[in-house]
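Welcome, and please take a moment to look over the molecule shown here. The paragraphs that follow will walk you through it piece by piece.

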Amino acid sequence: MNPKKANPMDSVNAKGKCEAAGVRPPEPARLDLAEVRERLRAKRGPEFWRSLDELAATPAFQDLLHREFPRHASEWTDGVSRRRFLQLASASLALAGLTGCTKQPVEKIIPYVRQPEQLIPGRPLYFATALTLGGYATGVLAESHQGRPTKIEGNPDHPASLGATDVFTQAAVLTLYDPERSQTILRAGRQGGTWGGFVGEAGATLRALQAINGRGLRLLTGAVTSPTLAAQIADLLRRFPEARWHRWEPAGRHQSAAAAARAFGRPLETRYDFTRARVIVTLGADVLCEGPEGVRYSRDFADGRRVRGDRQEMSRVYAVESVPSHSATVADHRLQLTPPQVEAFTLALAQRLGAAPSGGPVVSDATAVRWLEAVAQDLEQNRGASLVIAGEYASPAAQVLVHAVNQALGNVGSTVYHLEPLEADPVDHVASLRELVRDLNAGQVELLLMLDGVNPVYTAPADFGFAQALQAAQKNTVLVHHGLFDDETSEYCHWHIPAAHELESWSDARAFDGTVSLIQPLIDPLYGGKTSHEVLAALSNQPDVTSYDVVRQFWSTRLTAGGAFEAAWREALLKGLIPGTAASPTPAALAGGAVEQAAGEILAALGRVEQGQITLLFRPDPAIWDGRFASNAWLQELPKPIVKLTWDNALILSPKTAERLNVSFHETVEVSAGGRKVDAAVWILPGVAEDTALLTLGYGRKRAGKGTGQGFNAYALRTSNALWSLPAVQVRGTGGRYELACTQNHHLIRGDEVNEDALATEAAAERHVIRTGTLAELRHDRDFIQKEREKPAADDSMYPNYKYPGHAWGMAIDLNVCTGCSACVVACQSENNIPVVGKQQVLAGREMHWLRIDRYFAGDLDAPQIHHQPLPCMHCETAPCEVVCPVAATAHSDEGLNDMVYNRCVGTRYCSNNCPYKVRRFNFLRYSDKDTPVLALVNNPDVTVRMRGVMEKCTYCVQRIEQAKIESKVEHKPIAANQVQTACQQVCPTRAIVFGDINDPQWDVTRWKADPLNYGLLEEINTRPRTTYLAKLRNPNPLLEPAEGAEHGHA
Amino acid sequence: MATLDDPGFAAALQKPYRPPIVAPGHTTASVTDQISAVVLQRTPKWWFFGFAGAFSLLMVFLVSVTWLFAKGVGVWGINWPIGWGFDIINFVWWIGIGHAGTLISAILLLLRQEWRTSINRFAEAMTLFAVACAGMYPVLHLGRPWLAYWLFPYPNTMNLWPQFRSPLIWDVFAVSTYATVSALFWYVGLVPDLATLRDRSRNRVAQIIYGFGAMGWRGSAAHWHNYETAYVLLAGLATPLVLSVHTVVSFDFAIGIIPGWHATIFPPYFVAGAIYAGFAMVLTLAIPLRALFNLEDFITTRHLQNMGKVMLATGLIVVYGYMSELFFAWYSGNVYEMFMAWNRVFGPYRWHWYTLLLCNAVVPQFLWLRRVRTSPLWLFVISIFVSVGMWLERFIIIVTSLHRDFLPASWGLYHGTIWDIGTFVGTIGLFLTLFFLFIRFLPAISIFEMRTIVPGSHGGEYSEVPE
């Protein structure tokens, strides 16, 4: 199942596949006008007319009439595109052998008479492509079954992936098939618009604009790194010199760019190299699981933290923050401060390290002062090997100071480096959007083209009044929206053009380090979507040019390294990236005066802070980002890391602040600031600083498919001068109740609510669920983790143990590097056809995730440590579920798996009751959507789709094991070490999960399990789990630890 | 059955005075007249009201089950981690109720407790109907109920057998055996009375139907001889079942590893609880029944008092069970057990636990008072308390054990839905419907056995008139 081994096919085959499926209409006979004229010249009178009639009756002429633009043009109307989809869907289904349970379409379908090269029915193919988030690419390998992509894996060769991905990438296939995607061109909000109609109307406007150099032509996009798209836009701007290109990326790096502009004079992008960092300090930043480089950072970070019995070294990480971040959950020390205090701490640290002019004590809190000294000493002792990170959410001033700190510590060039902006034509997005709103209001916009799903009506800063501007402009401006969804913005537009998903598109994009990837389609557009390239080409009078042509043409002159273009193109598609395109670090000198100005700014801001004021923080949602994934049910139902809410965001408060405001779980509040207000429901989360509230972006949407009406709209409070942090908000209880669906500690009984976290924390500590220790303890006693708890001997039973002469599968999970990012959860869902149950069922406690990530607090709940524990099935050696099943539907396999036989299950649920880990999931109702044909396409054909009344659970991806066994049988050679990877293991950015044959010492898992840190969860009850954990270690600073009470915590 | 030569009987004669089992003044004829009249007379008005009420509850059952089968068990409140809820609570509750009948009939028969005679018939009927209600839940609670037959060892092409290590399979055998033996025992006991009704009935159809049921009973000595042998044999068969069924049911929990389930005290504790609940239900039914059919002469205060005593005794065993659970949780030093005990007493379901103690431990203590034991009204109220308490006991065992088990991250909460309640109320409807039909069409008290204990008959403990 190693994707490297699978045969990636290049573009030619991807296209060929679709053609072979019979979805492409026959090429019409060419209509030679010269020949027609010649023929007609010879005719006279009635004969002439008859000939004309004959001519009109020819298919070629009919076709010419039918299509304003010869190729594909009429396919974009609703009826035909649905037919195209059905043809495709049914052909795929037919080939996947699934027709037995679906209705046959009325249209003729065409089987693979000539089978495309490399395509073996039943075997997936992997294509290297890329998926973007906020414009930046992550290289992926898309698994395709007979022409339908079903699963995304990371591309091991791609620098932003190294084989892993984040949650968004994992969920991309569901967005691709999402039946809520817009499926037809809308003209004034109504169906029936045609591509031809659009090109005609836009073309007419453009021709009118040509005369005035394109004044009034406006383009709005998100962040663009695609070289091809950038070139197309540049070309357009050349043709229309007075046209403007505006940018708005709601969760983009606005403050970072502003800080870089202040510090270095230009908006350089800052990148980190965690492999060289021995001491890491994060100041309110969450670099591990956010943004396009998070996956890579996680990996590098984890490599510095991996401790084994024989590698007893790890970096030291300090996290100073207001809301719990992923990095803090794996940090050695966490200091919880309010947002202004974090800024103050940043300034104080800069002062202490001599990077900023000293100016009085800015930090007075005793703990913070002690911290300051300890952190500063540690940083000074590790000059050049330390790393201070402020991240996007810190104010530009604080970021400037951190640039100065890293410079002062000699980290620049070692752990920190800068890149010239990767975005094409970098601009200040906020200013750019402000300019657009101004011009819209001033009536200076003739044609506004909003490309690639940009949704400013929903995402624009609240003070811009974008919706009003758009409404006002409706009369005089042609408004065009191009996106995957018919959303809040398209509602105001004259035209809505469905966009093609990235898995349906040809394009390109750059990764966080500048590496260019080509994006190739896995499938023809299901809903007749157009790529940005095609829309722009159409505006350049090339309506029938495909994005393939555009991208290929762009690269044809540039991609010639090492000989012929064709070879280089093929190579780039095969590898998923264009080698040698990574940007090289650029030297950056601090601008004079920037630091002083920043320090002054922070001091001034601190002077304005009043005690007890609540600061509202905005963050991209960990599950649906800025709202673009709102319709993706996998992401909506993904328990958000740490807070564990699904389907909604909430106003997240600390226990003390909630108590002060006299509000509790599920209660509604009104959050107001500057005359704007938003209603939200409260969730209390230990680990949030006092006087701090958190509201993630992306919710409260009005037109977002499945995400419509869920949660609360943070954008309504987010203004252009408070993108991430809004000081002095009022929070007032309104006495209502809004049920929030949380998957851990449901908090539904009133009065017991706050205690439940405390109770669970205490119980978890008593039960040694998470075993933790320090590096010093490990060095002192290698086996200290083993001694923590009694472990029954394996031969205690009167029954003989199972014998495993062949394989014996097992798994180990390294808690030390698990950041809780949850990519494994979505990967598992995608791989194993796990259904989505919806908010009501989550509220009822019936979520279906086979792999869940348990979160535990430890220590003081006002400033807790947070631990993550991914929990798949334990595949116990003495499984309590197996003995109690009355029909033997769950049984022990001869390779140690705890198999679940869906066909045999009658659904007594006894196994789940008797499972001490509660990893079994029951189909209480019919959760698998078998009515929406398109959703059948997303399923992995190697895994059964379960019916109602059946128990299911983690199988260790048994289909992958079997695949490997079959391969080994066919090839007559044993399964090579580490050749089988489970879906969760494959996707893990930090490589925290390892799976394999524990009979074979060659496999990594065997080594992990032999490690002194390895322990079994609840092993004292003699279940003898096959999934084991490596204890979580900390590397505390001796200066901080004794004073903090040497907490040898167990959660 | 007993004769004067019987040494046991002679010993019984030496016993001090006890209130009579049958009120004075009855002869064999008057007993036969009065009991058979209940069946043969015109249907009293109250019966129609009662039956209509019971039948409408049965319709609730029909609706609930239809919805359940259409949608799946998700219509109930069960969830993850609480995989069993009202379904198994009700199963155990009904099975428990179904214990008193056979206990009264079989064990008290073998122990020669003749006062059982006037209550055994309807107690057995109650048993059957309760087992019928209980027996439905294991099927209803399945995710795929249409495959319930897979729990039986039947020959099939795949050579698949049930998994015999599972207590659910033991349940299948225990409950089906119990249902079969109880039905046989009840029917065999009914044969002579069916003959009486056949003979006394004026209605041709009734004569045929009763005659069919009487299987040609003519009351000959050979008949009586065979009958007595069969009845005692069946009593012997049924006796161990009384103990085994609820023991096996308790294994459903005791075999599990969940704290709160995994306890060796469960079998005796469950059996005592079952008898406790069963006698409570017998009282709940007998007290209105004797008033409505004027059967105070046959179901006397002494019967009520004896049942009260049994309730008190078994109730104390049950309370001992509760206390020992808490004690062993503490004594084990096991964090899971200790937390489970703490959670019962102080957790979110603490009010269920306190109510349980009130119903099962506090209220029955009034039975120590003779005044209470002899008052039908008091007994009725206490029996209702006990029924509620025993339902809560199963709720506590199932729900509070499951909702917070080993890993704090998998804790949850449980609430029954309207469909849970509908199904429960529905089975009560089924039970009452069957019971109303029973008291209308069959003699609720064993006529021929009553005849043996009235003064002047050939047998009976108190054939002589007390001084």
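Let us begin with a helix of chain A. Of the 13 residues of H15(A), 12 are buried, so this helix is largely enclosed by the rest of the structure. Keep in mind along the way that this is a predicted model. Helix H15 of chain A covers residues 396-408, and from its first C-alpha to its last it reaches 18 Å, close to the 18 Å expected at 1.5 Å a residue. The buried residues of H15(A) include Pro396(A), Gln399(A), Leu401(A), His403(A), Asn406(A) and Ala408(A).

What covers the buried residues of H15(A)? Among the elements doing so are helix H10 (254-264), helix H13 (339-352) and helix H22 (594-608) of chain A, along with strand S8 (279-283), strand S11 (386-389) and strand S12 (416-419) of chain A. Just after H15(A) comes Gly410(A), which takes a positive phi of about 70°.

Now turn to a strand of chain A. All of strand S2 (residues 136-145) of chain A is buried, 10 of the 10 residues, so S2(A) too is largely enclosed by the rest of the structure. In a regular strand the side chains alternate between the two faces of the sheet. Both faces of S2(A) are covered. On one side sit Tyr136(A), Thr138(A), Val140(A), Ala142(A) and Ser144(A), and on the other Ala137(A), Gly139(A), Leu141(A), Glu143(A) and His145(A).

Strand S1 (residues 125-133) of chain A runs antiparallel to S2(A) and is joined to it by nine bridges, with Ala130(A) standing opposite Gly139(A). S1(A) and S2(A) make a hairpin with two residues between them, and in its turn Gly134(A) has a positive phi of about 60°. S2(A) also pairs with strand S3 (residues 148-154) of chain A, in the antiparallel sense and over six bridges. Here Val140(A) is found opposite Gly154(A). S2(A) and S3(A) form a hairpin with two residues between them, where Gln146(A) in the turn has a positive phi of about 50°.

Elsewhere in chain A there is an open sheet of six strands, in the order S4-S15-S14-S13-S5-S6, with mixed pairing. Its edge strands are S4 (186-187) and S6 (244-247) of chain A, each pairing on one side only. Within this sheet, strand S5 (residues 217-221) and strand S13 (residues 447-450) of chain A run parallel and are joined by four bridges; Leu220(A) stands opposite Met450(A). Helix H16 (residues 429-441) of chain A packs on the sheet, touching S5 and S6 of chain A, and its direction makes about 125° with that of S6(A).

Next, find Gly514(A), in the loop between strand S16 (507-510) and strand S17 (516-519) of chain A. Gly514(A) is partly exposed, with 19 other C-beta atoms within 10 Å. Setting aside neighbours within four places in sequence, Gly514(A) is in contact with Leu419(A), Leu422(A), Thr581(A), Ala582(A) and Ala583(A).

Finally, see how the two chains meet. On chain B, 40 residues are in contact with 47 residues of chain A. Helix H7 (167-200) and helix H12 (335-346) of chain B each supply at least two residues of the side of chain B that touches chain A, and H7(B) gives the largest share, three residues. By type, that side of chain B divides into 26 nonpolar, 10 polar and four charged residues.

Conventions. Residues are numbered from 1 along each chain as its sequence is written. Chains are lettered from A and ligands numbered from 1 in the order in which they are written. This is a predicted model: local features need pLDDT of at least 70, side-chain atom pairs count only at pLDDT 80 or more; totals for chains, interfaces and linings use all residues. Two residues are in contact if their C-beta atoms, placed from the backbone, lie within 7 Å. Ala, Val, Leu, Ile, Met, Phe, Trp, Tyr, Cys and Pro count as nonpolar, Asp, Glu, Lys and Arg as charged, and the others, Gly among them, as polar. The expected span of a helix is 1.5 Å times one less than its number of residues. A residue is buried if 20 or more other C-beta atoms lie within 10 Å of its own, exposed if 12 or fewer, and partly exposed in between; C-beta atoms are placed from the backbone. Two strands pair if DSSP finds at least two bridges between them. Axes are lines fitted to C-alpha atoms, for helices over the stretch in contact, and angles run from 0 to 180 degrees between N-to-C directions.
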